[in-house]
Amino acid sequence: MKNKYPFIFAIYLLSNVQSVVAVEQSYKDSIRLSLKPKECVVLKEGDKCYASVKAQWKANEPGSFCLFRRPGDIKMKCWKDINEGRFTEDLVMDEQVDYYLVQADSSEILSREKITLAWVNKKSSRPEHTWRIF
Amino acid sequence: MNYLHNKIIAFLLTAIFTTCTAFSFAEETQPEDKSQETDINSRDGYYLSIGTGLGSYESPLREEQNGLVLVINGRYQWKGFFAEMGIGSSGSFGPPSLTTLGYNFYGTEHWSFDALYAITDVAVEFNYKVDGKARQISALPMSGVGFRALGSWGNTTLQLVGLHSFNSEFRPDADVGYAALWLGHRWQIKNWSLNGLVGAKYRSSSLMNYQFGVTESEADKVVSAYEPASGVDYTAQIDLTYPIRKNLLFQIYSSHTQFSDETLHSPIIELARKWDNRPAKEQVFGVLVHYVF
């Protein structure tokens, strides 16, 4: 009977750790990053696309976060002890661009969104309108 | 005059062939991967867009049109063989269609060459009355076989077309030639595209005569006989395009054509202008939305 208490204590500790992990996971899952626009469209493949990007994030509880942009993994903005934030910028893109939110004291990505690049006419040495003229 | 026309046609066709040969040689001497170039220039596949919107069209050649516009552009190419169709294309939405069949026989990084059969114009029709009797002078669209060379450097394009007609309605001894030169450039302003296009169309005297001439047998007390010389028409077109989505385009365009004096002096055109109060210059304006498949 004497050995019973450490076992119960271990189970108690384990359940607590699991609870903490579950709470932390739930907290991370609650963080949502949203982006506008989702897609940037150009007339012809290879054109640069101009977008007014609006990023917004929300969390259940306050925390310290930083917003990054890829390619380049550039830090765009950081927030401290806050549960929502906004960021806007005028972007010129020639490939897909990702924005992601990380906790300020770690490199773990909490939420990620992308802006895809689309075009109407694919790259060609001949413009599509040429047959219209004679 | 015919000597001059023959020289112009010969010069244009020679220019196209020379350009083709010169660039073929130049490309072959470069140590670049030819198979890669072929991939870049292959246009096998299809393109189809249907557009609608509002437009206005006024011309000395046809009746004024205003209102709803339908524009269809289609192209299909298989192993170099292609068919192109334009219904109500920009700059000429009044006329019904332009059709081309051909073979893209050579392409390099900057040049593309086609052998083709094309219908380049639309039917000209003039109806009037003499002593209470209905009369009509009409001509079928000009069609012919020839070559097209297209040069492309970034957003700048150059297109040369030379055609020789075999239309049986022409006099068998007539040299019926058509040639056109187009230069275009696209400027990107944010996500808008501003396209500028200037061009010149040459028609031989035989073609002019077929389209705008009046024979002695056709002449009456209203329309006098007329045999025009060759002529050159000049066109400038500008359009502003914005991609709303990857298959939806918004377009505003305007085109302006100055016809040759030989065309405007035709009694058919002079009378049509007088009766219908048509302008001397062709002007087209449109605001359209295109769906690109």
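The model scores ipTM 0.75 and pTM 0.76. Residues are numbered from 1 along each chain as its sequence is written, with chains lettered from A and ligands numbered from 1 in the order in which they are written. Local features need pLDDT of at least 70 and side-chain atom pairs count only at pLDDT 80 or more, while totals for chains, interfaces and linings use all residues.

| Stretch of chain B | pLDDT | Contacts beyond near neighbours in sequence |
|---|---|---|
| Residues 1–5 | under 50 | 9, beyond four places |
| Residues 90–96 | below 50 | 24 |

Where pLDDT is low, the predicted coordinates should not be read in detail.

Now to the cores: sets of buried Ala, Val, Leu, Ile, Met, Phe, Trp, Tyr and Cys residues joined through C-beta atoms within 7 Å. Buried means 20 or more other C-beta atoms within 10 Å of a residue's own, again placed from the backbone. The largest core has 23 residues, and B:Tyr178, B:Ala179, B:Leu207, B:Ile268 and B:Ile269 touch the most other members. Elements giving it two or more residues include β10 (177–189) and α5 (267–276) of chain B, with helices (H or I, at least four residues) and strands (E, at least two) taken as DSSP runs numbered from the N terminus. Apart from this core lies another, of 11 residues, among them A:Val41 and B:Leu249.

In α5(B), the buried residues are B:Ile268, B:Ile269 and B:Ala272. They span an arc of only 90 degrees around the axis, so they sit on the same side of α5(B); the arc is that of the directions from the helix axis to the C-beta atoms.

Key: Buried ≥ 20, exposed ≤ 12 C-beta atoms within 10 Å, placed from the backbone. pLDDT = per-residue confidence, 0-100. Contact = placed C-beta atoms within 7 Å.
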